[in-house]
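We will follow some of its charged pairs, one selection at a time.

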Amino acid sequence: MAESLFIPENSSRKEIYDSLIPQIEALVSGEDDFIANLSNIAAALKQTFNFFWVGFYLRKNNQLVLGPFQGPIACTRIDFDKGVCGHAYTTQQTVLVPDVDAFPGHITCASESRSEIVLPAFDVNQEVFLVLDVDSDKLDDFHEEDREGLEKLMRIIEKLARTNY
């Protein structure tokens with residue numbers, strides 16, 4: 001079990017993701033509690049990148065419901081057709097938003113949020129069962145290397161869910 005993360009200093013985000021992803025795999029291996037693993041994943045992302053907000057919304061009945069997160073208090077429930085999280089859920093695609101104020105229907109849970117990336121995770125039936133929501137207090141903070149790194153992370157989460165959720 002890892003007790004701390006090794007984050008290379010003065011590295012590109014791609015290099016940081018390349019270092020972080022195997023560490024997260026090691027962190028969650030052997031732990032069968034899915035929520036505990038999501039909690040540590042959110043903490044690892046927040047600690048590594050100092051994002052404004054990192055968290056998960058899980059599909060429950062007909063909404064996305066707040067799960068483990070790091071950051072200020074957040075919206076508890078999001079309808080499938082609302083905001084960036086709902087858009088990622090319904091389109092089943094990663095959504096990268098350089099300026100949240102320019103995104104039609106953006107839900108403001110925290111006014112400090114300026115840019116956002118939301119990624120879906122798929123169950124064995126290829127249905128979205130949760131989304132990872134990452135917010136930055138900087139405009140245009142997320143790019144292709146974030147999409148690629150976080151999509152690798154989502155594959156780890158999907159594997160965890162198949163065995164422990």
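Before you click on anything, keep in mind that this is a predicted model. The salt bridges in it number 10 when counted with a cut-off of 4 Å between a Lys or Arg side-chain nitrogen and an Asp or Glu carboxyl oxygen.

**First stop: R59 and D123.** Select these two and you will find their side chains joined by a salt bridge, 3.8 Å from N to O. R59 belongs to strand 1 (residues 53–60), while D123 sits in the loop between strand 5 (115–122) and strand 6 (128–136), so the pair ties together parts that are 64 residues apart in sequence. Is D123 buried or exposed? With a relative accessible area of 17%, D123 is buried, because the cut-off for that label is under 20%. R59, at 26%, counts as partly exposed.

E127 has a relative accessible area of 42%, which makes it partly exposed.

**Then: D137 and K138.** Here the two side chains form a salt bridge with an N to O distance of 3.6 Å. D137 is partly exposed at 40% relative accessible area, and K138 is partly exposed at 46%.

**Last stop: R13, D141 and D146.** Select the three together: a network of salt bridges links them.

Terms used: Residues are numbered from 1 along each chain as its sequence is written. This is a predicted model: local features need pLDDT of at least 70, side-chain atom pairs count only at pLDDT 80 or more; totals for chains, interfaces and linings use all residues. Side-chain values use heavy atoms; hydrogens and water are left out. Helices (H or I, at least four residues) and strands (E, at least two) are DSSP runs, numbered from the N terminus. Buried means under 20% relative accessible area, exposed over 50%, partly exposed in between (1.4 Å probe, protein chains only).
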